[in-house]
Every structure is written in C-alpha cells, then in structure tokens.
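I opened this notebook to record what I looked up in one protein model. The entries follow the order in which I worked.

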Amino acid sequence: MSNGGLLIVISAPSGTGKSTVLKQLKEKYNSVRFSVSATTRKPREGEIEGKSYFFKTEEEFKRLIDDNQLIEWVEYCNNLYGTPRDYVESSLKEGYDIILEVEVEGAANIKKQYPDCVSIFILPPSFGELEARIVGRGTEGRDVIEKRLEKAKKEVTYFYDYDYVVINDDINLSAEKIIKIIEAEKLTVKRNKDILLKLGLVNKE
C-alpha cells in the first residue's frame, strides 16, 4: 500500500462518539474517502442508504459473504456488518486514503489482509459518560442497552492491538488528533521508500 492510498481503520465501543468524531473529521479533512459499510441493522432516523450504510436483508448480506464481496464481516448485537471489497481496493489503487469504521473483530480481520494499514482506537473519557451517551440516544430498549454496555467493556481491552488511541473528551480535538496521525503516517520512512530510493538514500530490495 505504500504505492497507493493509506488505509485507516478506526474502531470504538458503542456510545464512544465515534460517528460524531468522524463527521467532524469529514468537515475538517476532505482529502480522504470514507468507506460505507453494509449492515442488516434497521436504519436510524436521518441515516441515508448508500451514505450512512448499505442496508441489506440477512439473505442479501449472506450472498455478499458467499461471493467474497466483503473484506470483513462481523455479527454485533444481533446484526451483521461488513466492508465492501471493490470500493476499498479500487480507491486505494487510485491513491485515495480510505477510512474504515469497523468493530474490533472486523479490524482484526482487515489487519491480517492489509498489515500496512493504520489502526486507531477511540475511547470514551469514562464508562459513566459512555452509558449516558447510549441511553441518551433514546432509540433502543434497556435490554439492548445492557448488551451494548457489556460488549463495550470487553471491547476496550482491545486497544492494545491498535497503533494509536484517541480519548474522545472533545469532538474537535479528537478529530484533529486523527488528522495529525494520518499526516504523520504519510511521513514515515516505510511510506516514502520510492522517494528515498530516487535520492539514493536506501537500497532497492
């Protein structure tokens, strides 16, 4: 991927504010593309087909799996989520940086296929704040909320598997930190070997 775009994988427990941070990131940093996931989850108010998600029936989603059209897929709180392969790979080849918003299980699968990707884990400032955010949505019953909280407590332990961690105690600052991570990654030696080779500073492997 050093000759193409940068693949950025971002995960966070439910209620961390990941979607809000990424929305702010889109407004501040328009040089990246955001992959749109497929899901069997029902649309929430304001979500748009093809922009928020590709909303699929369970039968349609399983067909995507059988046809190897997903880079990864996971089951999360009784719903299926997956990353379409064609959009991601074609964008990377064209030199675009792609942000994937995925669950921790999906991130692990992506890192196996694309070991050169950059992974970022977003954490809440506290579990109390996380619970308040989930309850404040008002879109789910208490049983679903409890499942999400239980899942979140397990998910936070995965941050050790990521390259970077961002604590979301301020939406603007969190978005800016992610931008700085992306910009810093573009300056690493491993991502600039072609230029260094032309300068005679590294040997061709």
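Entry 1: I note at the outset that the model is predicted. I began with Cys117, which counts as buried because its relative accessibility is 4%, under the 20% cut-off. I then looked up Cys77, which counts as partly exposed because its relative accessibility is 22%. A disulfide is a covalent bond between the sulfur atoms of two cysteines.

**Entry 2: the whole protein.** I recorded eight helices and nine strands. The C-alpha atoms fill a box of roughly 60 × 40 × 30 Å along the principal axes. I compared the radius of gyration with the value for a compact globule: 205 residues would give a value near 17 Å, and the protein has 18 Å, which agrees. Buried residues make up 42% of the 205 residues. The protein exposes about 11,600 Å², of which carbon and sulfur atoms supply 50%. Among contacts with a separation of 6 or more, I found that 68% are between residues 24 or more positions apart.

**Entry 3: the sheet.** I asked in what order the strands of the open sheet lie. The five strands follow the order β2-β7-β1-β8-β9, with parallel pairing. The edge strands, β2 (32–34) and β9 (164–167), each pair on one side only. Neighbouring strands of this sheet are turned by 25° against each other on average, direction ignored. Helix α1 (residues 18–28) packs on the sheet and touches β1 (7–11), β2, β7 and β8 (118–123). The direction of α1 makes about 165° with that of β7.

Strands of a sheet pair through backbone hydrogen bonds, either parallel or antiparallel. I looked up the pairing of β2 with β7 (residues 97–101): the two strands run parallel and are joined by three bridges. Val32 has Asp97 in β7 as its bridge partner.

**Entry 4: strand β1.** I recorded four bridges between β1 and β7, in the parallel sense, with Leu7 opposite Ile98 in β7. The pairing of β1 with β8 is also parallel, over four bridges, and Ile10 stands opposite Ile120 in β8.

In a regular strand the side chains alternate between the two faces of the sheet. Five of the five residues of β1 are buried, so β1 is largely enclosed by the rest of the structure.

Conventions: Residues numbered from 1 in each chain as written. Predicted model: local features only at pLDDT ≥ 70, side-chain atom pairs only at ≥ 80, totals over all residues. Heavy atoms only, no water. Pairing = 2+ DSSP bridges. Axes fitted to C-alpha atoms, helices over the stretch in contact; angles between N-to-C directions. Contact = heavy atoms within 4.5 Å. Buried < 20%, exposed > 50% of the residue type's maximum accessible area, 1.4 Å probe, protein only. Rg over C-alpha atoms; globule rule 2.2 N^0.38 Å. Areas by Shrake-Rupley, 256 points an atom, 1.4 Å probe, with all protein chains shown as cover.
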